[in-house]
Amino acid sequence: MGQKLIALVDLNSAYCEMERLFRPDLKGRAIVVLSSSDGCVVSRSAEAKKLGVKMGEVYFKIREWYEHQGGVAFSSNFTLYADLSARFMAILSTMTYQCVPYSVDEAWVTIDTAWAGDPTEYGRAIRAKVLQWIGLSSGVGIGPTKVIAKLASAASKRWPKTGGVVDLSDPARLAKLMAITPVDEVWGIGRKLSAKLVDQGIRTAADLAAADPKILRRRYGVLVERTALELRGIPCAGLEEMVKCRQQVIVSRTFGERISNRDVMRQSLAVFIELATEKLRREGVCCQHISIFMQTSMFDTKGPQYANQASTGLVVPTDDPRVLLATLEPLLTGTWRDGYPFSKAGIMLSDIQPKGLRQGDLFAADHIDPRREALMNVVDAINHSGKLGKVYFAARGHRDLSSMIKRERLSPRYTTNLAELPVVKA
């Protein structure tokens, strides 16, 4: 009978390496990927990290210096990233009987030594197949618990001599690594919490594992207690196939051009509502609360500054954009101010609950009318077919995402658009 272990497979500098995949001329050069409207750095290649580029850095502040160093910047190409991520997850699914995506570039998998054999060798086989099939490098961290696997994953990236695979199922090897790992590098322990732990003499992962779980729970809560237990090799959280219902859905954008017109802002927020409710329907959930927010640029020190938000609840939970669009004008009345050039706005849907568990209302029965759901199913089918164009609501006017976002450095959608395939000239 074999040992069941948890592995975290993580793509290295995913967005940057996905961009480099189709640009071999960029080998060895620093690459960064930027956020919405080319605002901040959200991904850095190893070369960019060596230059000192920090995560979240505002790009226009470092642009001249960075490009003088030979660095290259790309706008976020989420169509490309999502497609390569799906291929990555498909590979992992063929090599393990349980694969649970953790993010776009990470997934938890189960390795059973009864069929996988040596965990380190199997981790290398996973890395080799990912590299061969989609051309991306990855790291594999293996351990008896998720916290230990996360620790191993970080080690696989930090020390090249590991070959990208670290197995911490051996207690002696685990103890050696925990003794040199600062407590703030343990998964789930942030800076504020680590400062409190250090004050109590808990400076390393080994110290946290050795601490009394009951005292940790009383002082810092059940999550810290579970983290300490997992560092001891006691599983407190398995791989969950059922994804928990998310607590909120946020859709926001930093605009390519400032918005000073109320109608344009209303149309932009209407687009966000359409996108957010599409996510709700895709996940089979509804919301009972909506908020809108807007702000001027914090980097514009000469112009007027203003930020505000407003929210309202709904009688019946919904995933229908028409219900939420009806709340937009009253919310906008409470937040809009003439004379301000807004650089960012968004909406947040909260009080999320499964559609099958929502409770109706005697006086708002049409909000859960089956005909409403049937209509939205048709709209989604048309919009996802790729054949019949798109169906939009009149509230958005002619606004679309491409008109809101500045993406001057956008790369082609190499894997999903025939017109943008690379051309090879013989």
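**View 1. Tyr306, Trp336, Tyr340 and Phe342 form one aromatic cluster in this predicted model.** Rings of Phe, Tyr and Trp (for Trp, the six-membered ring) are paired if their centres lie within 6.5 Å, and a pair is called stacked with planes under 30 degrees apart, edge-to-face over 60 and tilted for the rest. As this is a predicted model, local features need pLDDT of at least 70 and side-chain atom pairs count only at pLDDT 80 or more, whereas totals for chains, interfaces and linings use all residues. Residues are numbered from 1 along each chain as its sequence is written, and side-chain values use heavy atoms, with hydrogens and water left out.

**View 2. Tyr15 and Phe78 make an edge-to-face pair.** The structure holds 13 aromatic pairs; in this one the ring centres are 6.2 Å apart and the planes stand at 80°, so the pair is edge-to-face. Tyr15 belongs to helix H1 and Phe78 to helix H4, 63 residues apart, and the pair thus links distant parts of the chain. Helices (H or I, at least four residues) and strands (E, at least two) are DSSP runs, numbered from the N terminus. Tyr15 counts as buried because its relative accessibility is 18%, where buried means under 20% relative accessible area, exposed over 50% and partly exposed in between, with a 1.4 Å probe and protein chains only.

**View 3. The largest nonpolar core has 35 residues.** Such a core is a set of buried Ala, Val, Leu, Ile, Met, Phe, Trp, Tyr and Cys residues joined through side-chain atoms within 4.5 Å. Phe88, Leu92, Ile126 and Val130 touch the most other members. Among the elements that each supply at least two residues of this core are strand E1 (4-11), helix H4 (78-95) and helix H6 (119-134), and the largest share, 8 residues, comes from H4. Leaving aside its neighbours within four places in sequence, Leu92 is in contact (heavy atoms within 4.5 Å) with Val9, Cys99, Ala107, Val109, Ile126 and Val130.

**View 4. Glu106 is found in strand E6.** With a relative accessibility of 10%, Glu106 counts as buried. Apart from neighbours within four places in sequence, the residues in contact with Glu106 are Leu8, Val9, Asp10, Phe88, Met89, Pro101 and Lys150.

**View 5. Met298 is found in the loop between strand E10 (285-296) and strand E11 (307-318).** Met298 is exposed because its relative accessible area is 59%.
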